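Reader: I have a model open and would like to learn how to read it. Can we go feature by feature?

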Amino acid sequence: MGKRKKRSGQDSRYDEESRQAFRRRADQDTLGYLKEIQEHLSILNDAEERELLVNNTFDGLGDVENTCLDADCTKILEGLAPHAGKENLLQLLGRLNHGERFGQVASNPFGSHMLGALLKALCNKSMEGTEEVVKGIVEFVASYLDDFLSDKYATHVLRQLLAVLSGRDVVQICKERQNPFKKDDARRSEEVVPEIVFPEDLKKLVDVVRSKEYQGWFLDGLISSTYSGPTLQAMIHACVSDRDLLEGLVLTLIGQYEDGEIDRESLCRKMSSTIPSHMMECIWQVSPEDVRTKLFKLLAADLPGLAADDIGNFSVQAMGRNATTHEQAGILVDNLGPQFSELLDSNRQYVVISVLNACSECQSHRKEVCKYLTDALQAMEMQKGGEEEQGNRAGIVEKLLCKGTRAQLGKHSSTRFSPFGCIILSTILKYPPDCNNAFLGGILRLNPTAVQQLAKDVGGAHVLETILQGPKYKTQKKNQLLENLDGVWSSIAKTAAGSRLVQNCFDLADARLKESITESIAKSEGQISNSRAGSILLSHLRISQFKHNKESWRKQGARHTRRTDDFLEAMEVGQPFNPVPESRADAEGNVEACQGGAVEEENPDVQAGDESGGEEGGVGCDPQNETTGGEEMEFHVDPSMFAADGAEEEENLGDGLGTLVDLLSNERTQKRKKDMEREEARVAKAAEKKKRKMSKSDAEGKKKKKKKKKQRKNDEGDGPDMVV
């Protein structure tokens, strides 16, 4: 395989050899033999027998060069490769890695598939004893790396070789990352990346890419190539386990050579070009934290232009999906927030969603991003001649839900709400209440008809579900939504999203509303049971029991509610306790809360447009007056355990917190233990009662049986006398 940079006579000769190789065919005996093996393999079920058959087949291959270039033979060998043993795979790969034979097979349209299958099968084997063969292949590939990167068929072989070297299926990883809704590497904290299997061999390939021969226009051409671009992405994923190797490769690909500076214009061109933009998305996913922050700062001023670009906006979305620090989220909000109005008008909603998700993941700048979005929606309304007031929250929500559609909020229509608007609302409603005040208030101000219309929509159901599942929203606000939905439960449950919404409403409703929901769903059981989500809803509501015996249904529901309340009381003693207070004052506040004192909430729930003010966000508890099983449980905490002066303040505070946590844990354990004892006593009492009842019934049965037997004897005794 000649080097592409040196266009010599040898290259022309090799190209001619490649064209001749495409037309090569194995002899008929070999082809017939392989077809018989394929047929015999299809009827074998035992894995060991399959492996033995394939190993013997690989050992019996004679003319490897012609066989591995034949269209029919390579297809059969590709199917046999997964069943072959490690030794036979290494033997065949070693025979192929002779002279330029490996390059001829790799660049062949048929042989490349077979070679990729052999390397993929090797990935599933133990790598012990494979060093010599793998090293030989890497040395040949490194000598002609530019050809392997640029060739239409050899590039697939190189990607599979990278999978062998790294111990990861980088081919499949690159395919998965093409879906923008997939979680990226930066978000997958639970994903364990294995160590590189052959670090020296992988470094040898990376060093070739970082060499001076590749720098400049030649490397830019490889990045923009349809064949080498995806392969470079696979190389980036292969280096994830080695931070230094990954950082060096990433900096080289973005244009920083040695100690030079990154060309910002060149980087922007990469982000707004078709093939290089995919590589940039890959870099955002796996690059080290400091490198990612450096690139965020470098591109800060260019973010509005990139977000408006037809291709660059996908790179900006990748930046938002992979922002992991407060600083990175701040750069996105400061530079893209003022452009929300233009982005929404130009159908760049996904850019806005990525910024919102970045703020949610980093838990920062949530108030600022909500303010920018509110201003953008109000500006859009004013541009269209609207006379909405500056503080009209319902108008903001309606604008977001109906943008780009013919739907009208509050009027019955079959037109769906904007899916982008529903996603934006669902994301914002996961923020703390003091951040999304305008949007939450807008939904709560909707009339019952609009709320019911929102619940019947697929995206709107997710919006309401986010509010109902939000732990930081008051029960009063949730009950307000439940009352607005009462009477249309069967219409809501006709969709999968609606069925899940009704299920969440049922869990939050009181006994009266639960019965109303169940009765409404029971009337439309036939229509709702057609979907999987509907069947789950019917089972959750216990429709069969409700139809058979309503009184039994009510008792079981009350018993379930009582057990849930007991569990919550056992797990939460009064005010939610923060085990890691931020200051000494917070620690003393926790102690006061546990002793029954009233503690004012630091961040009370926002009224969301409710002028009445609402109820207090938390209810204090008095563990001293809390009774369990008729006994008083005393629980005292000395505030002096948190009092500390001088250098020992922090240490004593930690000791006091540990003591308090132990006391809380012991109290909960004792309470749960007593509850279990009461439950065991109740079960034993019921069993004893049932046993006595059965014993009494058995005694009465025996007595009746004895009486009948005696009566029968008397009847038999009277018979002869009557005859006489």
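Predicted model: local features only at pLDDT ≥ 70, side-chain atom pairs only at ≥ 80, totals over all residues.

Reader: How many helices and strands are in the chain?

Author: The chain holds 40 helices and two strands.

Reader: What share of the 724 residues is buried?

Author: Buried residues account for 45% of them.

Reader: Now a pair of helices. How are two packed helices described?

Author: By the angle between their axes and the distance between the axes. Here, look at H34 (residues 511-523) and H36 (residues 532-541). They pack at about 135 degrees, and their axes are 11 Å apart. That angle makes H34 oblique to H36. The crossing of H34 past H36 is left-handed.

Reader: Which residues make the contact?

Author: H34 supplies Ile-517, Thr-518 and Ile-521. H36 supplies Leu-537, Leu-538 and Leu-541. Sorted by class, the contact of H34 with H36 has five nonpolar residues, one polar and no charged ones.

Reader: Which residues of H33 are buried?

Author: The buried residues of H33 are Ala-497, Gly-498, Ser-499, Leu-501, Val-502, Asn-504, Cys-505 and Phe-506.

Reader: On to single residues. Is Thr-293 buried or exposed?

Author: Use the cut-off: buried means under 20% relative accessible area. Thr-293 has 12% relative accessibility, so Thr-293 counts as buried. Thr-293 lies in helix H19 (residues 289-298). Setting aside residues up to four places away in sequence, Thr-293 touches Glu-327 and Gln-328.

Reader: Where does His-365 lie?

Author: His-365 lies in the loop between helix H24 (349-362) and helix H25 (366-383). His-365 counts as buried because its relative accessibility is 17%.

Reader: What is His-365 in contact with, neighbours within four places in sequence aside?

Author: His-365 is in contact with His-326, Ala-329, Gly-330, Val-333 and Cys-359. Take Gly-330. It sits 35 residues from His-365 along the chain, yet their C-alpha atoms are separated by 6.4 Å.

Definitions and conventions:
Residues numbered from 1 in each chain as written. Heavy atoms only, no water. Axes fitted to C-alpha atoms, helices over the stretch in contact; angles between N-to-C directions. Helix = DSSP H or I, 4+ residues; strand = E, 2+ residues; numbered from the N terminus. Parallel < 35°, antiparallel > 145°, perpendicular 65-115°, else oblique. Left-handed = near helix turned anticlockwise from the far one by under 90°. Contact = heavy atoms within 4.5 Å. Nonpolar A, V, L, I, M, F, W, Y, C, P; charged D, E, K, R; others polar. Buried < 20%, exposed > 50% of the residue type's maximum accessible area, 1.4 Å probe, protein only.
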